[in-house]
Amino acid sequence: MDQLQIKDLEIFAYHGLFPSEKELGQKFVISASLSYDMTKAATELDLASSVHYGELCQQWTTWFQESTEDLIETVAYKLVERTFETYPLVQEIELELKKPWAPVHLPLDTCSVTIHRRKQRAFIALGSNMGDKQANLEQAIDKLRARGIHILKESSILTTEPWGGVEQDSFANQVIEVETWLPAPVLLETLLVIESEMGRVREVHWGPRLIDLDLLFVEDQVIYTDDLILPHPYLAERLFVLEPLVEIAPHFIHPILKQPIRYLVDQLEQGNA
């Protein structure tokens, strides 16, 4: 992908763990590479399809100086976050933040951290069978938007019978496609935080729930850890997930089963016939 590169932007600011760093300040140096499609900017002089690097450098300087942080990791992360928020056309950022005056007291050219993030597409299943079910789904989506997660597509809301053998009310189910620069584990943690904010209590396995947010796919990533399994391990067994998913992504290919979602729906429906 095309890249805009900015090298060695110097900013004087007041970040650091030591009181002297926050009192006296020091020099920091930013270098970054921003990836986005420059075709329209180059061929049609479309300024909306470009990043004004002069304005960006001024914005970085303003953001950099408006607060003080203990760690340069925090500063670099916030710069990446705000750059993505301000320039939606940017798909990937690699940013290096140097601290040449670091209080090391040894021969040293510079200390630096580098943060590299790119936007990814993910699918999230939503479910609710308590209270105003549709309102619960809408509130969860609003909370995702408030965290900078861009909603690309929303399926219809389906009413389905509960799954898992626990007697309870029917569910309102939906699947959405989102775009986010958050890594998969962080995206999952964000979903859990939203569930908690909305008042979900996990008392009965597969039992009633005010809101349920399941991470189904993050592009074609395959992950197996104690905290996260991708793709979602029960996806191919659940029509209440596959049916809304096939509505918005019928040709998406399951990275393990190597079949498009529409085939998985057909196979499950035939097996249940």
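The C-alpha centres of domain 1 and domain 2 lie 35 Å apart in this predicted model. Domain 1 covers 2–118 and domain 2 covers 120–272, with bounds taken from an automatic or database domain assignment. Seven residues from domain 1 and seven residues from domain 2 make the contact, where contact means heavy atoms within 4.5 Å.

Residues are numbered from 1 along each chain as its sequence is written, and side-chain values use heavy atoms, without hydrogens and water. Local features need pLDDT of at least 70 and side-chain atom pairs count only at pLDDT 80 or more, whereas totals for chains, interfaces and linings use all residues.

| Item between domain 1 and domain 2 | Value |
|---|---|
| Buried area | about 640 Å² |
| Carbon and sulfur part of the buried area | 55% |
| Salt bridges | one |
| Residue pairs in polar contact | one |

Buried area is the accessible area (1.4 Å probe) that two parts lose on being put together, summed over both. Of the area that domain 1 buries against domain 2, Tyr-77, Arg-117 and Arg-118 supply 66%, more than any other three residues.

The salt bridge (a side-chain nitrogen of Lys or Arg within 4 Å of a carboxyl oxygen of Asp or Glu) joins Arg-118 to Glu-219, with the closest N and O atoms 3.2 Å apart. A polar contact is a pair of N or O atoms within 3.5 Å; within protein, one must be able to donate a hydrogen and the other to accept it, and residues adjacent in sequence count only if both atoms are side-chain atoms.
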